Every structure is written in C-alpha cells, then in structure tokens.
Amino acid sequence: MLTEMQNFMGADDSVSKQSAGTVMSIRTADWASEQLMRHIERSALPENLGALLDAAAAAHGDRCFLEFFEDGERVSYAEIGALTRRIAAGLRAIGVARASHVAVMLPTSRLYPLSWLSLARIGAVTIPINFGYTPRELAYTLREAGAEYLIIHRDFVPVLEDIEGGCPLARENVLVAGGSSSGFKGCWEDLADSTARASPHEAVVGHDDLMNIQFTSGTTGFPKGAMQSQRFWLGFARVGAAQFQNRPRRILIAQPLYYLDGQWLVLMALTMGATAYVARRMSAGRFLEWMQRYRIEYCNFPEVVSKQAPHPSERMDHLVAMSCYSHRKSNYPAYEQRYGGLARQGFSMTEVGCGLYVPMEAHGMTGTGTVGIPVAFREAMVTRDDGRAAGPGEPGELRFRGPGMTMGYYGHPEATAAAFHEQWFRTGDVAVRDERGWFYYLGRIKDLVRRSSENISAVEVEGVLRALPEVLEAAVLAVPDELRGEEVKAYLMLATETLRDQALIERIFEHCRQNLAAFKIPRYLELVDEFPRTPGLKIRKSALREAKPDLRTQSYDRVDGLWR
C-alpha cells in the first residue's frame, strides 16, 4: 500500500512543527507564513465579531469593503460598522436576543452580510439557508435548527408559504426583505432605519457564544447542523489571512454567501482591510474577465475555468495567489505559468474550518499533491482503524484537534459523540503523511474503491480523467461486484462540443491505461449532462449513489464491451 501512495507525495522543502505529539522534520521557521501562524496563536483574538467590525471601521473608514459589482452596490468599512449597529438595535427591538436562533434565506447581495454580521453583534445564532431549497428542505432546516425568527427575501416567500402544514414560525417573527409581502408585517429594510438604542444591560458576547448553525452539505447523509462559535469564525478569518501573508487587497467571491467559503472570505477580507468583489453566482465563462477587470489578487479558482482555450492576455501580474482545492497535481505549476500568482492547495471543512495549508514559500511542493501542514490553532494526525497514529506513508483517517472547532451537531448528541475520539475530530477523510510532515488527501472513506485486495483512491482516478480536454468534471464511485467486491465506475461531464461516439470511449480508456495501473481503470463509464451539487457546488456523490438501484445501468461496460 505504501508504494501505491507514494505517487501522492513529493519531495523538497522541509518543516519544524509539532503534530499529534510527534516532532516532524519540516524546517520552516524562517518562512513568513509560518511566523505569522505562530504569531496569531500567541495573539489575542478580538473580543467578538462586533469588536472586529468596529476596529475595521475605525481603521479603514471610507475604503470599500464589499462591492456587489453586478448590482452596482458598495458598502464601505465605515458603513458596515454603522449599519450593523443600527440593524442590531432594530433586531433587539423586535425581540431577537443573544442565543436567539435566526434563519437567513437571502440572495447574494448586501442583505446577507448585513444580516449575518448584525446578528453576530447581538450574539444571536444565524442559520444560513440555501435559497434554492424546496418547501420540504426549508421546513426541515427550520425545525432541525430550532429557528425562532426568519429573515427571508420576498422572492422566496412562496417557498415558505408552500410548506406543508403552513409556516412553522410565528408570522410576526418573519422579516421580509426586498419589499412587502402579504401576510407578513415585518420588513427588513425598517431595521436599517431603526432609532432603537442599545440597552445598558446587554450581555457581553464572548468567544464561545454560538454564532452559526451551518448545515453540512449532506454528501454522506442527511444534513446536520454544525455549531460554530464566534471563536471558530474569528480564528478562521485570521488563519485565512495568514495563509496569504495578509497581502491580498482585492478578493473575488463567487461562492454563495450562505455557504462556508463565502462567509469565510467576507471575514478574511474584513480582517485584512481588503475589498471583496462579490458575484451573484459563479460563472466559469466570466471568471477570468472578473479577475482582470477588478485586478483580483486572490480567489478560489475553479478547475473548470482552466478548460477554456488559452488567451495571450490572461496572465495577471496583479494576482498574488489562488486556492485550488483538489485540482489535478499537474495543474498547479501550469496555473502559475499561465495566470501568474501562486497556486496553493489546502484542507478545510465545515466542522474544522481551515486545517491544513501549503505556505506561500513552499515552492518545491507545488504540483506534488500535498494539502500542506497544520495551520495555527490546529494539530493534525492520520490514524489507523484502532485510533492509533499511522506511520509515514500509511493511509488512514485524517483527524484534527484545537480550539475553535465545531461545538458538535445541533440536536444530535449521538452524532457529536461519534464525530470525536477524545479531543480529536474524525473527518471521515483518508489521508497520508510523509516522513517530513506533509499531508496528502486521498478522498472520503466512502470514496475508496476496494477492488479485490486493492484500495483505489477516487481522487486519483478523477484527476486522471479530468486531464482529458473533453472532460469538464469527473466523479468516481464504487459499484458492487460479485467477483471482486467492488468495481470502479466513472461519471463524466463533457465539454458541450464533444462528439459522444465510440471513438471517444476508446480514447478515454486508452488515456486511463497510460496513466493508471490496470486495477484502477474504471470498468463502467456514464456520461452526464450535469452533476447534482452541494451548496458549495461540489459534486454530491450521495445523490449519484441513490439515483438508481443498479449503478451499472446506462453505463458503458469496458470488460463486456457494451452499453448496459
């Protein structure tokens, strides 16, 4: 197994760091990125999100904080400070208090951050709601999270009113934004005009106050609400800024604001005094145009954008860095050559925040497949099935511990207990650590295909398939097999102009033969027009598994040479 995993692990730069009680041979003490990580571990966090807002408003004044460029809306640092104070006062006036549970179902616009950050000032708990939810999904989330109030845009009110059995909240506790809606008296816009004054007896909001109930994307089961404290978000923002040495001043946000990454990038910008340029929704076709027009210095870069034909003007001298999560290893040096800036990998999740990062100085690790070393406030380890630490090169479950991780799953004490082993959070992801302390992500535990005696990483096979120019995205699943236990099935989304003929099928398998051991080559191949998605636009493999009783149907069978 060690031999199979070595192609995930590169060699070069070394680090001096502590993880899981083991001193690792990585010498990075002279790297600015690591010095920043150690510095923020020693530094006090702001008292709460309100204190962070006030400090940023005082420091940056009229500088633009958020620019919703498709809507022509801008919010300065001074405005975010003043508006969130007024909105918080208005929320208190209608009964929202510290620890009140408030669901927020708003489009990507200034409404979302103003609501979220105002609730954080009070110490209320935000329940972010995907605005694409159906009535069933909305009802589930409201009840599961114990929502007492709801802030909702008028465009989504019909979804609320179509909930079976009616609105599960008191109608006077529903605030409608974007204009009035029949049946609901509360108006969000009135909050910003509030003349209510702060009470002298308001409780002080602390680091351990609950701030979000952030629902997991449901990739491995029904969504659960991960409880995130103010400490979680304050630390997450600081760690994000430190990853990039606090350098970017122009950030692109193309992720929805109800999703973890969108909220994190808002707070990272706030921490650095940067301007965040916010798109209504992700557009692969316009992404590079946005980066060039607004001279973006940092973004989360989608791999699908790189499938576009190269253009002489696409290199950007202003680009500092891009986060490229789970892209093909060969893409990282190619991106740096093609677009400028550094291409960096990492590991984060709803329950942990940021756990691992590749420092900006770690040039020798570019293209090796590593997801990095632990960030500030985090220790990481890879464990065997019995919970003991795995040795270098030995794959196992990735676990984290440290302050400010999830406080558990709201209303699910059994799931919370199962997610932790002592103080270590069990990610459900497979990883391997090399002898110098660099971690390599191999996929979800459920994404390992166990074919006969071999373990096959879905991540590796997907990366090989995505290297084909005709393939936009790929997802690999295990399919039950009587002879070998499991077989490999690949789902492919192709570029629109691709001719779907037998020659294409043969070309795909020939590419796999040239880049994968024989036992890793998919037996089954299915072509899809679109993938089911999580709120963060990741492929929702659970939906693929549940789509039909026999996953072999509608697939090309490489062994039998036919479509099933």
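Reader: Before I dig in, what do buried, exposed and partly exposed mean here?
Author: A residue is buried under 20% relative accessible area, exposed over 50%, and partly exposed in between. Keep in mind that this is a predicted model.

Reader: OK, so which label does Y140 get?
Author: Y140 has 22% relative accessibility, so it counts as partly exposed.

Reader: And F215, buried or exposed?
Author: Buried, because its relative accessibility is 11%, which falls under the 20% cut-off.

Reader: How many aromatic pairs are there?
Author: The count comes to 23 aromatic pairs. One of them is formed by Y140 and F215, and it is edge-to-face, with 6.5 Å from centre to centre and 70° between the planes.

Reader: Where do Y140 and F215 lie?
Author: Y140 is in helix 6 (residues 135-144) and F215 is in strand 10 (residues 210-215), so their pair ties together parts that are 75 residues apart in sequence.

Reader: What about Y277 and Y294, how are their rings arranged?
Author: That pair is stacked, because the planes are at 25° and planes under 30 degrees apart count as stacked. The ring centres of Y277 and Y294 are 5.0 Å apart.

Reader: Which parts does that pair tie together?
Author: Y277 belongs to strand 13 (residues 275-278), while Y294 is in the loop between helix 11 (287-293) and strand 14 (298-300), so the pair connects parts 17 residues apart in sequence. Y277 and Y294 are both buried. They also belong to a cluster linked by ring pairs, together with F69, F287, W290, F301, Y335 and Y339.

Reader: Switching topic: which charged residues sit over rings?
Author: K224 lies over the face of Y409, 5.0 Å from the ring centre. R558 has its charged end over the ring of F509, at 5.9 Å from the centre.

Reader: Now strand 5. How many of its residues are buried?
Author: Five of the five residues in strand 5 (residues 101-105) are buried, so the strand is largely enclosed by the rest of the structure. H101, A103 and M105 point one way, with V102 and V104 pointing the other way.

Reader: Which strands does strand 5 pair with?
Author: Strand 5 runs parallel to strand 6 (residues 125-128), joined by four bridges. Four bridges also join strand 5 to strand 7 (residues 149-153), again parallel. A103 stands opposite I127 in strand 6 and opposite L150 in strand 7.

Reader: What do strand 5, helix 5 and strand 6 make?
Author: Together with helix 5 (residues 111-122), strands 5 and 6 make a right-handed β-α-β unit.

Conventions: Residues numbered from 1 in each chain as written. Predicted model: local features only at pLDDT ≥ 70, side-chain atom pairs only at ≥ 80, totals over all residues. Heavy atoms only, no water. Buried < 20%, exposed > 50% of the residue type's maximum accessible area, 1.4 Å probe, protein only. Helix = DSSP H or I, 4+ residues; strand = E, 2+ residues; numbered from the N terminus. Pairing = 2+ DSSP bridges. Right-handed = clockwise from strand over helix to strand, strands pointing away. Phe/Tyr/Trp six-rings, centres within 6.5 Å; stacked < 30°, edge-to-face > 60°. Lys NZ or Arg CZ within 6 Å of the ring centre and 35° of its normal.
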